[in-house]
Amino acid sequence: MMETAAPVKKKTDRQIVTASYVHLCLMVSALSVMGILFFLMPKHKVSVYENRNLARFPQFSTHALMEGIFLDSVDLFYADNFPFRDRFVAFSSWLSKRRGLRSEEVGFYIAPKKAMTQDTALIAKSDSIAPGDTALTRNNGGEEMNTNLLIYKGMALDLFGGSLAMEKAYAAAINNYADVLKGKNVYSIIVPTHSEFAMPPEYKKMTGRQKTCIDNVNTCLAGNIKKVDAYAELEAHKDEYIYFNTDHHWTALGAYYAYKAFCASAGFTPIDLQSNLRYTGKKFLGSQYHLTLDDRLKANPDSFYYVSIPMKFKAEKYLAKSPDKPSPAFLVAPGYANYGSFLGGDFPLMKVQTELKNGRKAVLVKNSFGNAFAPYLASHYEEVYIIDYRYYKGGLVNLVKEKGITDVIFVQCTFFVETAWHLHKIQGLMYKANVPIELPVDSVPASDSLKPKEITSDSL
């Protein structure tokens with residue numbers, strides 16, 4: 001037994017060594033091929049699959065090198081640009097979704113806590129016409145959408161939460177503008193998100209009541225501010241296609257109903273919906289699909305509608321890189337099928353001149369949620385200025401006075417009302433961007449007899 005065991009063991013050891021060398025050679029060969037391909041293959045600026053901008057090679061500096069920032073950025077550049085990256089990411093996503101038991105109807109997506117270090121703006125294929133012109137939401141706390149989602153029957157529904165303190169603070173910011181801009185018409189439009197009307201009853205305990213948020217803000221707004229009841233108009237049409245299923249924005253139809261409520265406050269007759277509603281026949285997957293890469297959303301793509309504006313107008317945009325030089329723009333680009341068709345994306349400032357001569361001029365203060373709402377204003381004003389408060393570097397008060405603006409319109413969705421970063425940007429817009437203004441966040445107009453309600457489990 002002892003004489004036969006030794007040759008067997010020796011042969012086994014030889015096989016192990018041979019297998020180890022083969023594995024080593026295969027690994028070295030694979031890494032070498034990938035390394036060579038990394039240098040030979042062209043680098044892309046965006047990931048089509050993930051729908052985001054990819055990291056660029058960092059600029060060298062001694063400080064960045066000593067702090068470790070440069071090498072970390074190089075690692076991120078390589079991670080974002082290794083060969084066949086989108087295919088590997090797609091396979092990883094496919095594999096992870098097939099682990100364990102999974103419902104084909106219901107799922108959850110909870111955002112990773114680790115902050116992204118690259119731009120998180122959406123790219124041309126799904127949310128912007130000209131990514132080179134479109135302003136970017138950077139890693140500064142200014143979330144563009146709620147990233148905690150319920151996936152339900154092919155819809156992505158955000159899980160909403162709020163606080164009375166934030167609602168008072170937002171109202172106080174708008175009150176401050178109304179006080180400074182005495183004699184001007186100031187409108188406040190607060191819009192609920194898709195989940196307010198589409199959340200299934202069995203999951204409503206997981207999300208706050210957005211109607212409570214809107215009521216709290218309106219209760220705290222000064223009496224001279226026109227409170228547009230977009231909520232009631234949207235609720236009356238909640239069974240229609242007023243929100244996208246795979247994107248965090250509303251549709252042209254949803255924006256139309258909010259516009260209709262605005263017209264009731266402003267004394268306008270809204271344009272006719274049926275004669276101006278256009279369906280492109282195109283489908284697209286929006287921001288929430290590209291965030292989650294969930295195949296349940298992929299199976300339910302969105303349709304693109306728009307409303308034709310029956311008014312001659314000229315639109316111009318002012319880019320961050322050339323704020324004093326206008327370039328041609330449009331209100332809706334029907335050739336594209338995505339939310340970026342509205343205004344072409346987000347720009348610091350846009351100007352629309354119409355053929356009207358009624359003495360009324362408006363400025364719309366918005367983020368991307370207001371893009372679908374903005375085109376409707378061209379039917380009622382001589383001039384419309386569209387400001388994205390996240391990127392505009394001028395002062396709103398100065399613009400109103402210099403251009404003879406009569407109407408100041410704030411449109412906001414409930415998620416951003418409850419976000420401190422967005423509140424800070426709106427506050428700083430008054431005279432110069434990024435300059436915080438101290439506001440009496442607990443001030444409630446004496447004329448209002450109602451008291452705001454805290455969001456509790458009883459109000460869910």
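Predicted model: local features only at pLDDT ≥ 70, side-chain atom pairs only at ≥ 80, totals over all residues.

Trainee: Okay, so is F268 buried or exposed?
Mentor: F268 has a relative accessibility of 15%, and because the limit for burial is 20%, F268 counts as buried.

Trainee: And which ring does F268 pair with?
Mentor: One is formed by Y259 and Y376, which are stacked with 4.7 Å between the ring centres and 15 degrees between the planes. That pair joins distant parts of the chain, as Y259 sits in helix α10 (residues 252-266) while Y376 is in the loop between β13 (361-366) and β14 (383-388), 117 residues away. Y259 and Y376 are both buried. As for F268, the centre of its ring lies 6.3 Å from that of F262 and the planes meet at 45 degrees, so this pair is tilted.

Trainee: What's the relative accessible area of F262, then?
Mentor: F262 has a relative accessible area of 0%, and is therefore buried.

Trainee: What does S188 touch, leaving out its neighbours within four places in sequence?
Mentor: S188 is then in contact with L221, I225, K226, K227, V228 and F410.

Trainee: Switching to charges: how many salt bridges are there?
Mentor: The structure holds 12. In general, side chains of opposite charge can pair when their charged atoms come close. One of the bridges is between R209 and E196, whose closest N and O atoms are 2.2 Å apart. Here R209 is in the loop between α7 (195-198) and α8, whereas E196 is in helix α7, and the two are 13 residues apart.

Trainee: Are those two buried or partly exposed?
Mentor: They fall into separate classes, since R209 is partly exposed at 29% relative accessible area, whereas E196 is buried at 11%.

Trainee: Which side chain does K260 meet in a salt bridge?
Mentor: K260 meets E233, with 3.7 Å from N to O. K260 lies in helix α10 and E233 in helix α9 (residues 230-236), so the bridge ties together parts that are 27 residues apart in sequence. K260 itself is partly exposed, having a relative accessible area of 35%.

Trainee: And E316, what's its partner?
Mentor: E316 forms a salt bridge with K314, the closest N and O atoms being 3.6 Å apart. E316 counts as buried at 14% relative accessibility, while K314 counts as partly exposed at 47%.

Trainee: Which residues are linked in a network of salt bridges?
Mentor: D346, K366, D388 and R390 are linked in that way.

Trainee: Now helices. Why do you call α8 largely enclosed?
Mentor: Helix α8 covers residues 210-220, and nine of its 11 residues are buried, so the rest of the structure largely encloses α8. Among the buried residues of α8 are C213, I214, V217 and C220.

Trainee: How many residues of α6 are buried?
Mentor: In α6, 13 of the 17 residues are buried, so this helix too is largely enclosed by the rest of the structure. Its length also agrees with expectation, because at 1.5 Å a residue the helix (residues 164-180) should span 24 Å, and its end C-alpha atoms are 24 Å apart.

Trainee: What about the surface: which residues make the nonpolar patch of about 390 Å²?
Mentor: That patch is made by V17, Y21, L24 and V28. V28 has its place in helix α1 (residues 2-40) and is partly exposed, with a relative accessible area of 44%.

Trainee: Last one, the whole chain: how many helices and strands?
Mentor: The chain has 15 helices and 15 strands, and buried residues make up 51% of its 460 residues.

Definitions and conventions:
Residues numbered from 1 in each chain as written. Heavy atoms only, no water. Helix = DSSP H or I, 4+ residues; strand = E, 2+ residues; numbered from the N terminus. Expected span 1.5 Å × (residues − 1). Buried < 20%, exposed > 50% of the residue type's maximum accessible area, 1.4 Å probe, protein only. Contact = heavy atoms within 4.5 Å. Patch = residues over 30% accessible without salt bridge, like charges linked within 9 Å, V, L, I, M, F, W, Y side chains within 5 Å. Areas by Shrake-Rupley, 256 points an atom, 1.4 Å probe, with all protein chains shown as cover. Salt bridge = Lys/Arg side-chain N within 4 Å of Asp/Glu carboxyl O. Phe/Tyr/Trp six-rings, centres within 6.5 Å; stacked < 30°, edge-to-face > 60°.
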